[in-house]
Amino acid sequence: MFSQQFRKLGRCVLAASAVGLGALSLGAQTTTGAASAPPTGPNPSRIDLFGGYSYLGPHGVVKPANIGYASIDEGAIGSGTYWFNKYVGAQLEFSAHPGGRNDAAYFASGGLAVRAPLQYFTLFAHGLAGGARVGGPNNNNTTLTQQFYVEPYQWGPTLTAGGGMDYDLPKIGGFRFGLRLFQADYVYFHEDFGPYFPVGTTQQNRGILGGRANINNARLSTGLVMKFGSIVPPPPVMYSCVVSPTSAYAGDPVTVTGTATNLNPKKTATYSWTSDGGKITGTSNVANIDTNGLNAGTYNVKGHVSEGAKAGQFADCTVPFTINPPQPPTITCSASPSSVNPGDSSTITSMANSPQGRPLTYSYSATSGSISGTTSTATLSTVGAAPGTITVTCNVADDKGQNASATTTVSVTAPPAPVVASTQQLCTITFNNDKRRPARVDNEAKACLDQIAQNLNRSADSKLAVTGNGKGKLGAQRAVNEKEYLTHGEGGAGIDPSRITVYTGTSDDNTVTNTLIPAGATTGDYGTAVDESTVRAQSRTAGPAHRRHHRRK
């Protein structure tokens, strides 16, 4: 009998081992897949608590009475599993089946469990060993219990091997839940109810029905699984930071911004900053650096974020920034207009820039004239400046004493030379045609005189110098006759006599030269002025004078 029990026990252990190895093999295949691609399902739990309904179907009898067990439709089951890793854990299980028709059974077991976490589903298997408190199959037989002693509840060994499938439900209230679609187990238990005594039919033969039972059971369960914790730890907190700008000048503001990833939204992160240059302020992921007084060079800012003291719950970042050497300002300037007349003004415009954006002051100087202005524009006055080029120097300085200068030029033009009127030689009259009247203004002379009259009328402020040439008084007479024609002649020129001056020349070539003298022109040497009171003008049409002969007495 004992050898048969051990053979059954061996078969049970073998079955449990086969189920466990199969589940482990499935878990190994899942691991290989996870190595090539990150899992997309939920992070496997650390602790699983299961509770639900259980059905027990025994198969076997208590020998030698050969009284069989009946199925138990009412039962409850509960288990707790602590997973060492993603696939293997330790499990404690308890099930109660008190409502059988002629029996009852209670199981308490412990052992190993394996699982294969899939997307939305978890396959599992377990192998357990423990104790079973079982009553005899006639324990609830009313007739027998009224007449005889029956098999009492006894503890015996039990082995369990089986598996099932869970469906993962959404996370609720910070916990994950699963629905155990099914759990199918093979349960073996052995019970020894003591020595067997035949049951008598009289009060004196009343006894105890003893015997032994090796029972194979099929157990089916379903229920709800509550999952706690996680196997895979959360990713460590990561922290990166940037500065803006990365390069600045002393006094410029610099901002550093940190970006933390993998933070737990249920925890409050704290931030802190340090810098080996400048004064840094800020208690969030953004801080400001005061760079006033920093020397040129590279400095480092370090940021720290923390949501706990454990590894992976805090992180640091470091980022450099550069302070550039101070740069002097730059300037260009121009003049408008760049060429002026003496006494006029020109506007000087400066275009200055400070690389650091520092405040600027302006000043100006000029090699001639006077300049005024202290902003980006100034005015150059050329009053008193000699004609030529004036050089203007434009200066700019920042609040650090750094300066720059540029030049521009303004040309002062020389005043135009005054227009000096010059005399103009007009046509010359020749008195060679009329031998009888050598001073007469003939028709040929008339054409010249009409042209002279036109010139005098076009320039009302001009004058005429008439120079008569000839022997004796002919030069003066010829000049006076020409004036007479121009002022009172038949052509009606009507030139103002005061505009015409008559002279006698030194030549005896029988001509009269005419010189037009514009206003402002320098008069020259036109000969000897004629005393017009001593020379009577002769009409162009008057006949020749007859000489009187006086008879001597």
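A disulfide joins Cys427 to Cys448, with an S to S distance of 1.7 Å; a disulfide is counted here as a pair of cysteine sulfur atoms within 2.5 Å. The structure is a predicted model, in which local features need pLDDT of at least 70 and side-chain atom pairs count only at pLDDT 80 or more, whereas totals for chains, interfaces and linings use all residues. Residues are numbered from 1 along each chain as its sequence is written, and side-chain values use heavy atoms, with hydrogens and water left out.

The torsion about the S-S bond of Cys427 and Cys448 is about 100 degrees, so this disulfide is right-handed. Cys427 lies in the loop between strand S27 (424-425) and strand S28 (429-430), while Cys448 belongs to helix H3 (residues 443-458), so the pair ties together parts that are 21 residues apart in sequence. Helices (H or I, at least four residues) and strands (E, at least two) are DSSP runs, numbered from the N terminus. Cys427 is partly exposed, at a relative accessible area of 22%, whereas Cys448 counts as buried at 9% relative accessibility.

A disulfide is also formed by Cys241 and Cys317, whose sulfur atoms are 2.3 Å apart. The link of Cys241 and Cys317 is right-handed, with 125 degrees about the S-S bond. Cys241 is part of strand S11 (residues 238-244) and Cys317 is part of strand S18 (residues 314-324), so the pair ties together parts that are 76 residues apart in sequence. Both Cys241 and Cys317 are buried. The count by the distance rule comes to two disulfides. When bonded cysteines are counted along the chain, the disulfides follow the pattern 1-2, 3-4. In general, a disulfide is a covalent bond between the sulfur atoms of two cysteines.

Accessibility was also computed for Cys333 and Cys394. Cys333 counts as buried at 14% relative accessibility, and Cys394 is buried with a relative accessible area of 0%.

Some backbone angles are described next. A cis peptide bond joins Ser244 and Pro245, with omega at about -5 degrees. Pro245 is located in the loop between S11 and strand S12 (247-249). A cis peptide bond also joins Ser336 and Pro337, where omega is about -5 degrees. The loop that holds Pro337 runs between strand S19 (330-336) and strand S20 (339-340).

For Asn262, a residue other than glycine, phi is positive and near 65 degrees. Asn262 is found in the loop between strand S13 (253-261) and strand S14 (270-275), and it is partly exposed, with a relative accessible area of 36%. Asn510 is not a glycine either, yet its phi is positive, at about 60 degrees. The position of Asn510 is in the loop between strand S30 (500-504) and strand S31 (511-517). At 23% relative accessibility, Asn510 counts as partly exposed.

Strand pairing was assigned by the rule that two strands pair if DSSP finds at least two bridges between them. In general, strands of a sheet pair through backbone hydrogen bonds, either parallel or antiparallel. Four strands form an open sheet in the order S20-S26-S25-S22, with mixed pairing. At the edges stand S20 and strand S22 (360-366), each with a single partner strand, so one side of each is left without a neighbour in the sheet. S20 pairs with strand S26 (residues 403-412) in the parallel sense over two bridges. Val340 stands opposite Val412 in S26.

Strand S29 (residues 463-468) is mostly covered, as five of its six residues are buried. S29 and S31 run antiparallel and are joined by six bridges. Within this pairing, Lys463 has Ile517 in S31 as its bridge partner. S29 also pairs with S30, in the parallel sense and over five bridges. Here the bridge partner of Gly468 is Thr504 in S30.

Conventions:
Buried < 20%, exposed > 50% of the residue type's maximum accessible area, 1.4 Å probe, protein only.
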